[in-house]
Amino acid sequence: MADLAARGEVPEYLFWVGSAGAFDDRYKKVTRAFVKILEYLKINYAVLGTEESSSGDIARRTGNEMLFQMQALMNIEIMNGYGVKKILTCDPHAFNTFKNEYPDLGGKYKLVHHTQFLFEQITKGRLKMPGSELGGKKLVYHDPCYLGRANGVYEEPRAVLDSLGVKRVEMPRNRSFALCCGAGGGQMFKEAEKGDKEIFIERTEEAVATGAELIATACPYCMVMLTDGIKYLNREEGIKNYDIAELVAMSLNL
Amino acid sequence: MIKQIAFTITLLLTIAVFSYTLRGLIKKFKLTRPKTIGSPGKRLLITLKVALLQQTIFRKPVIGLMHALVFWGFLMILFGSAEMIVDGLSGTERAFSKLGVFYNIIIAAGDVFALLILVIIVAFIFRRVFMHIRRFEGIEMKKWSHTDANIALTLILLLMVSLLGMNSFYLLGAHDIKGIYPASGIISGWFSGMNPENIHLMHELNWWVHIVLIFVFANYLPYSKHFHVFLSVPNVYLSKLGALARIDTMEDITREVKLMLDPQAALPDTVGDEPIERFGLKDVEDVNWVNYFNSLSCTQCGRCTAVCPANITGKKLSPRKLMMNLRSRMDEKAPGLINEGADYNDNKSLLRDYISEEEIWACTLCNACANECPINIDQPALIIQMRRYLVMEESAAPAELNAIFSNIENNGAPWQFSQDDRMNWTEGLTMNVEK
């Protein structure tokens, strides 16, 4: 944004990479896949780069309202300074806090999750999915809580997946009934409390039981949890998990 | 005339007991924190969909339909109950029958629903007593919870039996029948041989049993989990609006943070004139009145707990327990707070003595509980508020989270990576990502 601002330009979208998108090795691949798609579609976008900082979502959800508001107010100052109107992101948690919580503090933006963006590009005919080696493969989609239940985005990710020609199946608990991957509310960063089982194992077992060879999701936390789950169940040979952006990029040979 | 006097006394007694209960409740609400409730239009629409049309309860279609039929039936029968009060006070018989066709429809519906509710309640009792329903169990479900449920169901059962009895003997005894009674029409056939005197007696008996049971029921409810019958509709009106995962902003903190970021900023003195008592929620006086209303409306159906990922995987957290604990703790602490004022301290608190830190930290904030609640109770709100207390008043977050906080403070990410490395993901890309 800074470079563009120096040239007096304002891009259509700010692409919010997110901390996981920038630092988590697995999710960096998703970020790369998604910017390749943006490039392919010749989208006018920019990132904040080193000016980006935590959205504060984790701080807020673990009770540190002070830290959340500090992050939020700093981010808003930067984004408003650049005249940001639309934000694209692969992170449902950033999506949720920007869309529903930043307005209270003076940050009002139009939020687009990458699955919504891909859906829109496909329906507008700008993105045409060619047949690929994904065609006919059995795939199951895991709804991220902060995209689905929190913000009602259930069908767009599914429509994008369907455009890939995969054989899509559902888990018994899907859409608003979906079971959390276990990472929300700060759980990603701490040991789980004592119990009979880890939530990510419960969810991965449900996904594996569908017989799918691909598990798709659209959230950095879900990605980590499902990857761990597949490892834990020793199913790394037969089952792979991807973000929807990666599957689209794969189909396009990007 | 004697009947009128007897009825008036019974009614006054009922109102007196109810007023006493209500006074106690208002005192408890006065201990809670304020919260503004706007957007009446939106709220009425939600109430129409979720309460009157029973939208959420149909997520379990079979049992949901059964509940919806009981609810809709109650609404129809309520009309007849109001008529009974008018009849009782003024000595009339079927006073509302002047309404003509409308009367016939409502009374006929009420009569059919009475039979339907009776059958459904028998099924509900059977389910509770003989079937093992997982969501009716849990650490928070004590013997009293089950007894309470069975008492309420039995009262409803008796209400329906007496209503059908009243209607049936009315059909047999009245000279000029007002209203239509499809279900009682069949039942009355069984008693057609009875002599007129007994028919009259049975009608009176059922009439009195029905109205007295209504009065008893009304005064029992506020002390029962079935307070739900009165409070669930208004509770839906008090639903959280907007996205399910939205968390309210603490405005008193915004002021502090703004001053921290820019000490020279001149901020209007809109908030913060009163000293902030405590951040977050430690005990009942920290909850707002909607939180408390939620706890009184909860009927312990356990749909929230049944979908909670933490609970499913054997953790101690149960969203239903939070509501039950809040209600019990208020009952325990309110008398002291009312008599001795805000400084009253019994060396106990909602957090820790009722709800453990372990429960609070087990939540993934997936919002499945709030999404599942048929009357839109906001369980995560309590969790967030308790976490706020632990973090901001006591710095008592789990150690891993404290590390995350300092990472975010120092380098703007939960991980210990420098903010300068935020573009490292572009390595290996052939294209140029615009900054």
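This tour moves through a predicted model of chains A and B, from the individual chains to the interface between them.

Local features were kept at pLDDT of at least 70 and side-chain atom pairs at pLDDT 80 or more, whereas totals for chains, interfaces and linings use all residues. Residues are numbered from 1 along each chain as its sequence is written, with chains lettered from A and ligands numbered from 1 in the order in which they are written.

**Stop 1: chain B.** Select chain B and display its C-alpha trace, which spans about 95 × 60 × 40 Å along its principal axes. The chain has 18 helices and zero strands; helices (H or I, at least four residues) and strands (E, at least two) are DSSP runs numbered from the N terminus. Of its 435 residues, 38% are buried, a term applied where 20 or more other C-beta atoms, placed from the backbone, lie within 10 Å of the residue's own. Two residues are in contact if their C-beta atoms, placed from the backbone, lie within 7 Å. Among the contacts in chain B with a separation of 6 or more, 75% join residues 24 or more positions apart.

**Stop 2: the two domains of chain B.** Colour residues 2-228 as domain 1 and 251-419 as domain 2; such bounds come from an automatic or database domain assignment. Their centres, taken over C-alpha atoms, are separated by 37 Å. Domain 1 of chain B brings 23 residues to the contact and domain 2 of chain B brings 27. On the domain 1 side, helix α1 (residues 2-30) of chain B gives the largest share, three residues.

**Stop 3: the two domains of chain A.** Next select residues 2-118 of chain A, domain 1, and then 130-251, domain 2. The C-alpha centres of these domains of chain A lie 23 Å apart. Here 27 residues of domain 1 are in contact with 23 residues of domain 2. The largest share of the domain 1 side, eight residues, belongs to α3(A).

**Stop 4: between the chains.** Finally, show both chains: 65 residues of chain A are in contact with 59 residues of chain B. Helices of chain A that each supply at least two residues to this side include α3 (25-40), α6 (92-101) and α9 (199-208). Highlight α5(A), which provides the largest share, seven residues. Colouring the chain A side by class gives 24 nonpolar, 22 polar and 19 charged residues. Ala, Val, Leu, Ile, Met, Phe, Trp, Tyr, Cys and Pro count as nonpolar, Asp, Glu, Lys and Arg as charged, and the others, Gly among them, as polar.

Definitions and conventions. Buried ≥ 20, exposed ≤ 12 C-beta atoms within 10 Å, placed from the backbone.
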